Amino acid sequence: MSPGRILVGIDVGGTFTDFVLFRDGQVRIHKTATTIGDQSQAIIEGLELLQTAAADAIIHGTTVATNALLERRGARTALITTEGFADVLSIGRQNRPQLYALAQPPRSHLIPRQHRFEVTERLNSAGKVLTPLNEQELENIAVQIAEADIESIALCLLFSFLNDTHERQISQWFAKRMPEVHQTLSVDVLPEYREFERTATTVINAYVQPLVSRYLVTLSRALSGQTLWIMQSNGGTLAAEQAARLGARMVLSGPAGGVVGAMGLARQSEISEAPHLITLDMGGTSTDVALCPGHIPQTSESTICDLPLRLPSIQIQTVGAGGGSMAHVNRAGVLRVGPESAGADPGPVCYNQGGISPTVTDANLVLGRLRPDYFLGGSRSRPLDEAAAHSALANLGCRLSLSAEETALGIIRIANATMERALRRVSVEQGYDPRSYTLVPFGGAGPLHACDLSEALDIRSILVPRHPGILSAMGLLMADVSTDTSQAIIRPLAEIIRQPDLLGERVQELKRQVAARLPTRRTDCRIAASLDLRYTGQSYEITSPMPLPVTATGLEQTLRGFHEAHHLRYGHSNAELPVECVTLRIQASHPGARFAQPAADANPTDLADAQVYTQSIWLADEGALEVPCYDRGRLQAGHSFVGPALVVQYDTTVAVNPRWQARIDPWGNILLDYGADHAA
Amino acid sequence: MPRDAILLEVYRHRFAGVAEEMGITLQRTGYSPNIKERLDFSCAVFDARGRMIAQAAHIPVHLGAMPASCAAALSSVRKWSQGDVVIVNDPFDGGNHLPDITMVSPVFAGKLPVFFVASRAHHADVGGMTPGSLPLSTELYQEGIIIPPVRLYRDGMLCEDLLELILRNVRTPDERRGDLAAQRAAHAIGERRLLACMQTHGTDEVLAYADHLCRYSEQLTRAEIFQWPDGVFKFTDAMELPDGEDALIRVAARIAGSSIMFDFAGTDPVVHAPLNTVHAVTASACYYAVRCLMREDIPVNAGCFAPVTVRAPANCLINARRPAAVAGGNVETSQRITDAVLGALAQAVPDRVGAAGQGTMNNLTIGGTLDDGCPFAYYETIGGGMGAAPGADGLSGVHVHMSNTLNTPIEALELQFPFRITRYALIDNSGGAGRFQGGRGIVREYAMLDSVTVTMLSERRRYAPWGLAGGAPGRKGRNMLIDALGKETELPGKFTRHLQTGDRLRIETPGGGGYADRNSRST
């Protein structure tokens, strides 16, 4: 990173808006309460408090699009589709959400039937026009759209991914007739097959886009000229004016910053240039897990609000276990944890805000793994009420004939089992061996559970970031500027290999498209291409990297990579079966920021100075142990110790189990290694 | 090993994870749209005695029927070896209808099998009278190749002769070969995961908790049934036979303490139509209905079934003997059994049970020859209205009760097959009116681009899905043929027809019944 540049990362969460200011190699952190109605308010105020000169770039992670969907506050949206198919959106894949429920909540489709319009037109499965578009019908639709006060139109016609003429024709007609109405074309958002998924993705974009666009315009204006970049679901950032057009691409950006941040930290702490990480972001109600085998894995199969969203996002597993997950004993006398969460209000019993059911946080407190006076640095007005948590756990324990501590251990164990399942899903179940991975725990509660989970999966190293509570905001600064596009190309790969030039032309065309979305003055643009491949006859594809420029040899290499990936994931592959190409994907990116190594502390201190307490904690059934408790702020690069121990700081607590060796790296991260020599 | 209240919950996740991962593997490596797009399969883990420990179920009709396959495999193999895989589809020896091919394979600890993993997948064609193997048959032998429980793999080696024999008897051998390989891949994953689990935690602990989990589910199920009033609750519903006659299903639900018995005495005898079912399918429907009434999230395993007994007269419609025709029993009669059972239970727990759903899967098979001369067989089912329940409108355009398969995307099927979908929509006002409204049915219209053979097995074309507590019935389904000149002819609920290029078929699926008087509906 060039000296003197000022970068600000701003990550908006449900409770706090986090700021990370980077200037002259120094990092400053600030937290402010999120302003729910208008997120930009907290941002402007926070920036004023930081009193920085104009930033060279502000990189922003926002939940505006996500919240619009979750709270159904998006634009009044209409859908225009092929005659006979207005209900594709509501029928979906015609399965019911719950298998064994006689009463089920209604499904949401974002657009009511009266705002879904059909036009006479039809293409066949080769993209040939069977029925030409009847433009005269558009007049009538326009009248209804005007009457219904529609702000945004989603356009999705059958087989348009093979031939976009009709969609563009309708788009041009409406652009002329009602220029003020926003438009989203399926061929622009997701030119891929499967009509329901394409329609839903197009509708999601149309639904959030006006809101996102208004928000970004307001914010950009308030930032008067400072460059604004927006975090996308795929872990890359995009200039605000580009992002405004593709609102659906930031819908799943919430957990992306953390994963990018974890990769950035691991790279700079010299674990490796292509670190193998499993990230564990444990918050109040849920835990997000991602496995990064040297790169950040992407998926296009996500769901939000019962609707599929087929745009690239970081491949993340979410499970409903977090610090706020509540425990109860069911009728068969079995202890269950979650998925109900106490949230922030009333919160765990120990918050003393009316919570009755003990939560994972209460269990950690009673086991001594949380210090009542250190929680969030005492930023809460009162210390945690340990006695209340203890009595709630004792009550629950009565029904199991267990002590409060034993019950608490049980709660931790069950919460861990839930998280372990998520960790297994991203690792062993995808063919990755967790033993060669480093776990990066963050979020408020991640570092408390990291050792237990690592032991369950035989993970032998853990990296606890210096600031686990604001890793997402740090990630914003480290994210690549990136954008991508795709195009359906359904052909046997062998055919493509025979004439690689045809594919080469498509690649050039898509490269021009994506490069146009990136800042022009930067020259370090990386272009990556990949093909979604499958054995002819299968329905699920594996995204396989393709070297550029397109050559027959390069494609052979892609093919070999596909067989290997198939074998890794499903345990078998067959080089003799014909392989089919389904989609071409192109990604363009500029690398994100890197931080220089901070200078070593001039006055090294003794480890003993960092020890603030001795604390009695329960780590396993054997009972309480007296362990040293270190203040994270006083730990310095080079310090090292062996568990059991606790490390406390304002935004998290790290539980170091026995047999784990901790050392502090030059960036202040704690590196934990399992089975370390106890003599150390 | 005593039950630890905490480890129990941990093992629930572990076993469920194994079955779930088998399912993902099968889906991702499957070849036919029926498996990869529609997810018409289930995977399960059994213990050495053949008790089901965990299931990744997409399809409730497999719920009670998979254990029968496991039992048949267990009794057919005297000495298991590592790498054995038994394959079976014989409805009278562990199967439910011929298209559902089940595989069962052992997982060893030392020298003994301690677990079995099983997968059941609906194969789009297994031979027989019409493409898609859901024909208007009158005996089993017309329905396709019958595979008794035999080993397709011995010691890990594929019995190629057997596979060739099977493939020679089906219309689409390549697809079958791929789907069978996908099932086998799922088994390999299931076995690997169970072995790893036993290695880490010890075989004794893993086995002990398999047992504990079953007891746990039984305990919870019994606790729930115990709260229901004791008594006998009766209900009768009808199947629509191809010859215009009806076949009645009579059930008496006898609740006593924490047990329930479904007695089908008085049900009509076996019919000369493909609508008979084997006992395992009837049991599935009963287990499903009971499972729907549980308030708690109970792990699905053998323990859930222990408090439930199913008694049916010998050789009747729902407990048929060889060689009765059963192709459609699994998909259609199973729905009616569920309706009858829920109709009976509605009297016992009126605040929990709703009106009848569409009560059919609208099974459509289309077969013929592709441009390249290869035969094809396409199978799909169509959703409809779900019955309204106390407190909720029925969902529209979904599968109800015994199925929950997905549709095949239009843009996927038109790429592959010589027909075109010209309309796919919900039918206005097709849900039964009521305080809570029945879900709407679907209309799906097919235009044939070549001459094809079409077979339809559908129900609720003559008798509408019933409403409950004063709610109106749902709209009946209709099958319409529209020829090239536009002339419409109504076809029966069950038919096989040769259609020509230009012919169109319009299937209108039933709406769900309404619940309670419409005048009390809040606006």
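In strand 20 of chain B, B:Arg506 is the bridge partner of B:Met480. Strands here are DSSP runs of E with at least two residues, helices are runs of H or I with at least four, and both are numbered from the N terminus. The model is predicted; local features need pLDDT of at least 70, side-chain atom pairs count only at pLDDT 80 or more, and totals for chains, interfaces and linings use all residues. Residues are numbered from 1 along each chain as its sequence is written, while chains are lettered from A and ligands numbered from 1 in the order in which they are written.

Strand 20 of chain B is joined to strand 17 (residues 478-482) by five bridges, and the two run antiparallel. Two strands pair if DSSP finds at least two bridges between them. Five bridges also join strand 20 to strand 15 (residues 442-448) of chain B, again antiparallel. There, B:Glu508 in strand 20 is the bridge partner of B:Val443. Strand 20 (residues 504-508) is largely enclosed by the rest of the structure, because four of its five residues are buried. A residue is buried if 20 or more other C-beta atoms, placed from the backbone, lie within 10 Å of its own; it is exposed with 12 or fewer, and partly exposed in between.

B:Leu468 lies in the loop between strand 16 (452-457) and strand 17 of chain B. B:Leu468 is buried, with 26 other C-beta atoms within 10 Å. Leaving out residues up to four places away in sequence, B:Leu468 touches B:Ala346, B:Gly354, B:Ala355, B:Gly513 and B:Tyr515. Contact requires C-beta atoms, placed from the backbone, within 7 Å. The C-alpha atoms of B:Leu468 and B:Gly514 are separated by 6.5 Å, although the two residues are 46 residues apart along the chain.

Chain B is divided into domain 1 (5-218) and domain 2 (354-523); the bounds come from an automatic or database domain assignment. Their C-alpha centres lie 30 Å apart. Domain 1 gives 20 residues to the contact, and domain 2 gives 23 residues. On the domain 1 side, 10 residues are nonpolar, five polar and five charged. Ala, Val, Leu, Ile, Met, Phe, Trp, Tyr, Cys and Pro count as nonpolar, Asp, Glu, Lys and Arg as charged, and the others, Gly among them, as polar.

Between the chains, 57 residues of chain B are in contact with 49 residues of chain A. Helix 1 of chain B supplies the largest share of the chain B side, 11 residues. By class, that side has 30 nonpolar, 15 polar and 12 charged residues.

Helix 1 (residues 5-29) of chain B meets helix 12 (residues 404-426) of chain A; their axes come within 9 Å and cross at roughly 10°. The two helices are therefore roughly parallel. Axes are lines fitted to C-alpha atoms, for helices over the stretch in contact, and angles run from 0 to 180 degrees between N-to-C directions. Angles under 35 degrees count as roughly parallel, over 145 as roughly antiparallel, 65 to 115 as roughly perpendicular and the rest as oblique.

Methods:
Contact = placed C-beta atoms within 7 Å.
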